[in-house]
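Here are my notes on the model you asked me to look over. Have the sequence and the 3D view open while you read.

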Amino acid sequence: MSSVYNVLCMMCGRSSGQLRGGRFYQAPGAPMPIREHGRNRCGFCSGNLYLEPDDSGIAPYTIADSLAQRRAS
Ligand SMILES: [Zn+2]
């Protein structure tokens, strides 16, 4: 069972970090998500964040970043 989630933005597609075992790990170079009205928003663009289950195990941030870039282009 996966307990690793990529924290991605619906607006800009960038990764803010990962959730591992209920703990948030900030991605290198990414701003902290903005806490607003009890919800977390993207630190880049204030877009809505969503969690994408990562079934590949502990993935390095570079994988999440390349996924985000592919989605954006
Ligand atoms: Zn964003």
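The points below go from the overall layout to single residues.

1. First, the ground rules. This is a predicted model, so to speak of local features takes pLDDT of at least 70, and side-chain atom pairs count only at pLDDT 80 or more, while totals for chains, interfaces and linings use all residues. Residue numbers start from 1 along each chain as its sequence is written.

2. Of the 73 residues in the protein chain, 18% are buried. Buried here is 20 or more other C-beta atoms within 10 Å of the residue's own, exposed is 12 or fewer, and partly exposed is in between, with C-beta atoms placed from the backbone. Among contacts with a separation of 6 or more, 54% link residues 24 or more positions apart; a contact is two C-beta atoms, placed from the backbone, within 7 Å.

3. The sheet. Four strands make an open sheet in the order β3-β2-β1-β6, with antiparallel pairing. At its edges sit β3 (23–26) and β6 (49–53), each pairing on one side only. On average, neighbouring strands in this sheet are turned by 30° against each other, direction ignored. Strands pair if DSSP finds at least two bridges between them, and the axes behind the angle are lines fitted to C-alpha atoms, with angles running from 0 to 180 degrees between N-to-C directions.

4. Inside the sheet. β1 (residues 4–9) and β2 (residues 15–20) are antiparallel and share five bridges; Val4 has Arg20 in β2 as its bridge partner. β2 and β3 also run antiparallel, joined by four bridges, and Gly17 is opposite Gln26 in β3. These two strands, β2 and β3, form a hairpin with two residues between them, and Gly21 in the turn has a positive phi of about 55°.

5. The core. Which residues form the largest nonpolar core? There are five: Val7, Leu8, Cys9, Cys42 and Leu49. β1 gives the most to this core, with three residues. A nonpolar core is a set of buried Ala, Val, Leu, Ile, Met, Phe, Trp, Tyr and Cys residues joined through C-beta atoms within 7 Å. As background, nonpolar side chains in soluble globular proteins tend to be buried together.

6. Ala30. Look in the loop between β3 and β4 (34–36) for this residue. Ala30 counts as partly exposed because 19 other C-beta atoms lie within 10 Å. Leaving out residues up to four places away in sequence, Ala30 touches Arg14, Ser15, Ser16, Gly17 and Gly43. From Ala30 to Ser15 is 15 residues in sequence and 7.6 Å in space, C-alpha to C-alpha.

7. Two positive phi values to check. Most residues other than glycine have a negative phi. His37, in the loop between β4 and β5 (39–41), has a positive phi near 55°. His37 is exposed, since it has 5 other C-beta atoms within 10 Å. Ser46, in the loop between β5 and β6, has a positive phi near 65°. Ser46 is partly exposed because it has 13 C-beta neighbours inside 10 Å.
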